[in-house]
Amino acid sequence: KMAEETTPSKLNRAGSLQAKRKPEDFIFGKVIGEGSFSTVILAKEVSTDKQYAIKVLDKQHIIRENKAQYVHREKSVLSKLNHPFFVKLYYTFQDKDRLYFVLSYAGRGELLDYIQKLGSFDENCTRFYAAEVVSALEHLHGLGIIHRDLKPENILFNEQMHIQITDFGSSKILKTDQLGEDSQDGSQVAPGQKRKNSFVGTAQYVSPEVLTSKKAYYSSDLWALGCIIYQLLSGLPPFRGGHEYQIFQKITKLEYEFPEGFSPTARDLVEKLLVLEPEGRLGCEEMGGFDKLKKHPFFEGVDWSNLSKQKPPQLV
Ligand SMILES: Nc1ncnc2c1ncn2[C@@H]1O[C@H](COP(=O)(O)OP(=O)(O)OP(=O)(O)O)[C@@H](O)[C@H]1O
Ligand SMILES: O=C(O)[C@@H]1CCC(=O)N(CCc2ccc(Cl)cc2)[C@H]1c1ccccc1Cl
């Protein structure tokens, strides 16, 4: 008697056996969005009726564009993340032509859409959502991961209107040991001979050190946080320009100003994050770490212990 056709299974995070999923296990619905190498589709798992956002990547396209490393990076980072403020990766599988990432569905869209729709956030909403981003970064950096492309487009919302940070293809996992292989590019990195990274984030949010030395630090995400807080309160990012090189010039010269009405407390926080030297930014190790950042007067009144359980303020 032929061996029973068994579905391959894997151990999941909890160490229990989990049947490998396949496309037929899902009913695919509407397209939620398109990336450069991906299509995100709303899908329902047949056996559980649960809804997911499935990110489908075409292998030929990835290979042609030489982006396989980003796929592996996104998978390895998402697999490490298990936190309320990050999009969750439930399963991955593949067929001949495609790779599938079964993700939690952040059904209320991108932060950028709300900034554009409302013009800007009031201080109360800014405080709440900036606190959620700070809490998320504290978790991410605690795992040794730098996002490297944090921006309002990559901060989504779930049905309860809590943030769900996504897009880890360009993130970096800092190697945990001092010597040995550089965990991402697989090449041996002699001490001090850091490989130059080709990746640069999105112009408006990229930090000066990435522009000048190509090196990203945890602190690069704190720079992006400063840009995002400025944008939430004023409606626009601090460094703007027609072309990328104009934006890059303003960043490296710290050329930005605050609009009328920007409160002194919020201004003080942004000024402590938009610091050219990475080691000078509030929130980095050298400046007292996240505890010091969380104590800034702008965050007065925030209960940091259970943000994901709190009812978010109505966006007005
Ligand atoms: N888990 C999710 N839930 C809901 N919407 C999502 C989810 N993941 C991605 N999206 C949306 O789908 C679209 C495509 O996302 P995807 O991550 O595939 O590409 P991208 O990162 O936006 O583009 P690029 O690859 O060029 O950076 C985006 O608009 C994003 O907002
Ligand atoms: O890392 C893993 O978990 C597996 C390992 C086995 C495997 O074959 N893949 C796919 C590797 C891959 C990456 C890019 C392209 Cl274009 C094709 C195949 C990996 C994979 C499977 C499904 C979804 C994503 C990934 Cl990276």
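This is a predicted model: local features need pLDDT of at least 70, side-chain atom pairs count only at pLDDT 80 or more; totals for chains, interfaces and linings use all residues.
How far is an oxygen atom of ligand 2 from an N or O atom in the side chain of Q94? The separation is 2.9 Å. Ligand 1 sits in the largest pocket, and 16 residues surround ligand 1. Across the whole structure, a search finds 11 salt bridges.

**Ligand 1: contacts and cover**

- Among the residues that surround ligand 1, the closest are S36, S38, K55, S104 and E110.
- S36 places a polar side-chain atom 2.4 Å from an oxygen atom of ligand 1.
- For S38, an N or O atom of the side chain is 2.6 Å from an oxygen atom of ligand 1.
- The side chain of K55 also has an N or O atom facing the ligand in this list, at 2.9 Å from an oxygen atom of ligand 1.
- Ligand 1 taken alone exposes 610 Å², and the protein buries 78% of that area.

**Ligand 1: make-up of the shell**

- Strand 3 (26–34), strand 4 (38–45) and strand 5 (51–58) are the elements that each give two or more residues to the shell around ligand 1.
- Strand 3 supplies the largest share of this shell, with three residues.
- By residue type, the shell around ligand 1 has seven nonpolar, five polar and four charged members.

**Ligand 2: contacts and cover**

- Ligand 2 has around it K59, I62, I63, V71, H72, K75, T92, F93, Q94, L99 and F101.
- K75, one of these residues, has a polar side-chain atom 2.6 Å from an oxygen atom of ligand 2.
- Q94 is also in the list, and an N or O atom of the Q94 side chain lies 2.9 Å from an oxygen atom of ligand 2.
- On its own, ligand 2 has 560 Å² of accessible area, of which the protein covers 70%.

**Ligand 2: make-up of the shell**

- The shell around ligand 2 divides into six nonpolar, three polar and two charged residues.

**Salt bridges**

- One salt bridge joins R21 and E45, with the closest N and O atoms 2.7 Å apart.
- This pair links distant parts of the chain, its two residues being 24 residues apart.
- R21 belongs to the loop between strand 2 (17–19) and strand 3, whereas E45 is in strand 4.
- Strand 4 is also one of the elements that give two or more residues to the shell around ligand 1.

Technical notes
Residues are numbered from 1 along each chain as its sequence is written. Chains are lettered from A and ligands numbered from 1 in the order in which they are written. Side-chain values use heavy atoms; hydrogens and water are left out. A residue is near a molecule or strand if one of its heavy atoms lies within 4 Å of it. A polar contact is a pair of N or O atoms within 3.5 Å; within protein, one must be able to donate a hydrogen and the other to accept it, and residues adjacent in sequence count only if both atoms are side-chain atoms. Accessible areas come from the Shrake-Rupley method with a 1.4 Å probe; for residues, only the protein chains shown count as cover. On a 1 Å grid over the protein atoms alone, a cavity is a set of points where a 1.4 Å probe fits but cannot get out, and a pocket is an open set with protein on both sides within 12 Å along at least five of seven lines; lining residues have an atom within 4 Å of a point. A molecule sits in a cavity or pocket if more than half of its atoms lie within 2 Å of its grid points. Helices (H or I, at least four residues) and strands (E, at least two) are DSSP runs, numbered from the N terminus. Ala, Val, Leu, Ile, Met, Phe, Trp, Tyr, Cys and Pro count as nonpolar, Asp, Glu, Lys and Arg as charged, and the others, Gly among them, as polar. A salt bridge is a side-chain nitrogen of Lys or Arg within 4 Å of a carboxyl oxygen of Asp or Glu.
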